[in-house]
Amino acid sequence: MRDITVLAGSSHPEFAEEICKRLGIPLGKCKLGKFSNNETSVAIQDSVRDVDVYIVQSGCGSVNDNFVELLIMIAACKTASARKVTAVIPCFPYARQAEAPYKKNGMPLSRVPAHEQMGSTQYKHWTARAGTLVCNMLMAAGADHIITMDLHDPQFQGFFDIPVDNLYGQPLILKYIREMVPNYHEAVIVSPDAGGAKRATIIADRLNMDFALIHKERNHPMHSPNQAGGGGATLDGVTLGSDRMLVGHVRDRVCILIDDIADTSFTITKAAKLLDKAGAARIYAIVTHGLLSGDALKRIRESKIDELVVSNSVPQQAHLEATDKLKVFDITAMFAEAIRRIHNGESVSFLFESVPY
Amino acid sequence: MLNGYASSSSTNPPNSIKLFTGNSHPEMAAAIARRLGLQVAKCVVLKYSNQETCVTIGESVRDEDVYIIQSGCGEINDHLMELLILITACKNASARRVTAVMPCFPYARQDKKDKSRAPITAKVIANMLTVAGANHVITMDLHASQIQGFFNIPVDNLYAEPSTLKYIRTKIMRMPSVVIVSPDAGGAKRAASIADKLNVDFALIHKERKKANEVSKMVLVGDVTDRVAILVDDMADTCGTLVLAAKTLIDNGCQEVYALVTHGVLSGDAIAKINHSPIKSLIVTNSIPHEHLKAQCAKLDTIDISGTFAEAIRRTHNGESVSFLFHYVPA
């Protein structure tokens with residue numbers, strides 16, 4: 001391919017190397033690091049004049065460092081007369097509003113609940129969403145195009161004034177289920193929360209499988225406080241957990257949980273617990289972005305999940321070493337094909353339905 | 001008035017100052033708040049377990065004049081994101097004006113395309129502050145004052161010089177024998193200005209650099225024999241330059257060497273270098289927190305510049321001139 005350079009940020013260099021291998025081009029040379037005062041240093045060593053530059057950087061690890069590095073790389077290519085700079089972000093940072101920091105379990109470093117730190121006031125504390133800011137920063141740095149996968153909010157695309165190609169992990173997930181889950185026709189697709197129902201039903205429809213939903217229900221009439229935690233099935237096809245309910249039949253069946261992000265993995269491990277309670281035979285969880293931060297790995301190991309399947313949108317090597325429940329599917333082919341098509345001006349929508357060979 | 005926002009304040013009801021702070025330098029924010037007779041606004045800046053920054057705002061900023069204090073030090077990128085998210089949060093919460101107060105401007109030294117394809121990161125930072133929604137920036141002793149031109153919003157570049165002069169006059173004294181020395185040609189103007197104001201001699205050290213952060217050879221221009229030399233610079237990072245300059249001065253017959261620096265980044269093994277150097281005392285402003293380093297380095301002393309920032313905030317809020325602060329230390 002002509003007039004193309006792929007550069008790797010320091011978050012996930014293997015991903016960029018795989019893309020280059022598939023495209024049959026060498027990885028662009030650049031030197032990344034930090035000065036002794038912790039400022040990020042970027043030196044692009046190949047000429048990028050009049051070339052389409054693709055910069056691969058995932059939103060993982062030290063998110064802020066990696067994101068600032070991406071911005072500086074974009075700006076460096078832009079000032080060095082690159083024709084077009086595309087940010088390839090397999091896992092988009094700050095894509096979702098993480099749950100409120102003062103939530104009890106599984107949530108962040110929130111050592112002390114926010115309202116206790118701030119003293120009680122009438123003002124309702126709120127947590128800032130950085131989504132628009134991150135989009136504006138990418139545009140201000142000079143990005144001309146964004147390629148990403150399974151954005152938590154599809155509306156996110158609207159925050160940009162530049163083209164955003166949001167690829168889907170779904171064709172690869174379908175492929176994985178077809179090839180790796182024995183007797184998948186008998187299994188049930190489960191969404192671990194109401195927000196992901198649409199994502200899960202599409203997969204269930206495509207594979208002609210049954211579907212179940214877990215719903216966080218705090219003030220359900222059947223759910224009086226003294227019943228909480230102890231409640232069994234009270235309605236046909238409904239199983240109550242301590243703070244959530246399962247709608248659908250899963251007894252003695254294989255369950256496949258589908259979600260887009262497993263961060264602290266609090267949601268899917270809770271969901272697996274409820275599925276187990278409802279009599280599920282085996283529990284898979286297939287998730288596009290396996291950030292697995294905090295004590296997620298410990299939680300997964302101790303959970304009822306039999307197999308957690310994630311993509312390599314963030315580096316998984318360390319996670320693989322920590323738990324043998326983890327399986328990884330490769331999405332670099334998808335990105336390489338998207339880059340090839342975008343560079344050649346072909347349609348990308350083929351990739352929304354099919355897996356490239 | 002500047003950019004129109006200040007003129008609108010005449011029609012709106014009077015608003016008040018809200019001070020926010022990130023995690024880079026809470027002591028500075030507390031000192032400024034104390035001087036202004038305010039409380040730092042309630043807000044919690046944390047990190048999620050996935051390392052994303054999480055900002056929770058604990059009080060209303062609607063129609064208020066917001067000042068966010070964050071210095072470019074420590075984990076620079078984390079602190080930068082904190083600042084940007086705070087700005088956006090306040091802007092989205094209908095603050096009338098948001099001012100970023102950055103005692104030390106991050107990435108200020110990456111301000112030119114000095115090699116092929118080198119990024120002009122200072123310009124990127126300027127763009128980021130603007131898109132985040134900052135209406136105004138207050139900083140101090142920018143490495144290159146041209147960085148002000150990277151912005152399309154007003155930038156107040158305060159000077160540490162008046163505070164530095166005050167320190168020399170009150171703490172070092174021994175005026176006639178003092179000579180002000182610039183450790184490199186780039187700082188000559190800054191040093192000459194201080195020498196002029198103190199009415200003392202001036203000397204210059206010319207250095208030949210081979211690589212960034214590495215100095216090869218130093219040439220002294222001017223007489224320092226049996227004098228007290230005061231090295232003046234805007235930034236002490238790894239301190240390689242300062243230590244070599246001090247050695248050069250001692251080799252040329254200098255009695256004592258002081259170093260007065262605005263931004264004491266003191267990264268890498270700077271402290272060890274200073275401890276083993278002939279520098280008698282290294283004086284930095286508190287634009288970057290360094291109290292924790294004093295236990296390791298008895299030579300370190302502080303010039304407090306929180307008063308200058310507090311006064312600049314007060315004047316900016318009231319629409320008064322800030323240029324007074326370019327020449328005087330607020331009482």
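**The interface of chain A and chain B**

Modeller: In this predicted model, Lys34(A) and Glu75(B) form a salt bridge across the two chains, and their closest N and O atoms are 3.6 Å apart. That pair can be read against the cut-off, because a salt bridge here asks for a Lys or Arg side-chain nitrogen within 4 Å of a carboxyl oxygen of Asp or Glu. The count of salt bridges between chain A and chain B is one, while the polar contacts across this interface come to 21 residue pairs, with both residues at pLDDT 80 or more.

Turning to the elements of chain A that touch chain B, those that give two or more residues are β3 (40–44), α2 (63–79), α3 (114–118), β6 (126–127) and α4 (131–141). Among these, α2(A) supplies the largest share of that side, with ten residues. Sorted by class, the side of chain A that touches chain B holds 30 nonpolar, 19 polar and eight charged residues. In contact terms, 57 residues of chain A meet 52 residues of chain B, and the area buried between the two chains is about 4600 Å², with carbon and sulfur atoms giving 62% of it.

Chain A has eleven helices and 16 strands, and 57% of its 357 residues count as buried. Of the contacts in chain A between residues at least 6 apart in sequence, 64% join residues that are at least 24 apart. The chain is divided into domain 1, covering 4–98 and 129–167, and domain 2, covering 170–218 and 238–329.

Within chain A there is also an interface between these domains, whose C-alpha centres lie 30 Å apart; twelve residues from domain 1 and eleven residues from domain 2 take part in the contact. The area buried between the domains is about 1000 Å², of which 58% comes from carbon and sulfur atoms. On the domain 1 side, Cys91(A), Arg96(A) and Asp150(A) lose the most area to domain 2, together 42% of what that side buries. Arg96(A) also forms a salt bridge with Asp263(A), the closest N and O atoms being 2.6 Å apart, and the rule finds one salt bridge across this domain interface. Six residue pairs are in polar contact between the domains, again with both residues at pLDDT 80 or more, and the side of domain 1 that touches domain 2 has five nonpolar, five polar and two charged residues.

Definitions and conventions:
Residues are numbered from 1 along each chain as its sequence is written. Chains are lettered from A and ligands numbered from 1 in the order in which they are written. This is a predicted model: local features need pLDDT of at least 70, side-chain atom pairs count only at pLDDT 80 or more; totals for chains, interfaces and linings use all residues. Side-chain values use heavy atoms; hydrogens and water are left out. Domain bounds come from an automatic or database domain assignment. Contact means heavy atoms within 4.5 Å. Buried area is the accessible area (1.4 Å probe) that two parts lose on being put together, summed over both. A polar contact is a pair of N or O atoms within 3.5 Å; within protein, one must be able to donate a hydrogen and the other to accept it, and residues adjacent in sequence count only if both atoms are side-chain atoms. Ala, Val, Leu, Ile, Met, Phe, Trp, Tyr, Cys and Pro count as nonpolar, Asp, Glu, Lys and Arg as charged, and the others, Gly among them, as polar. Helices (H or I, at least four residues) and strands (E, at least two) are DSSP runs, numbered from the N terminus. Buried means under 20% relative accessible area, exposed over 50%, partly exposed in between (1.4 Å probe, protein chains only).
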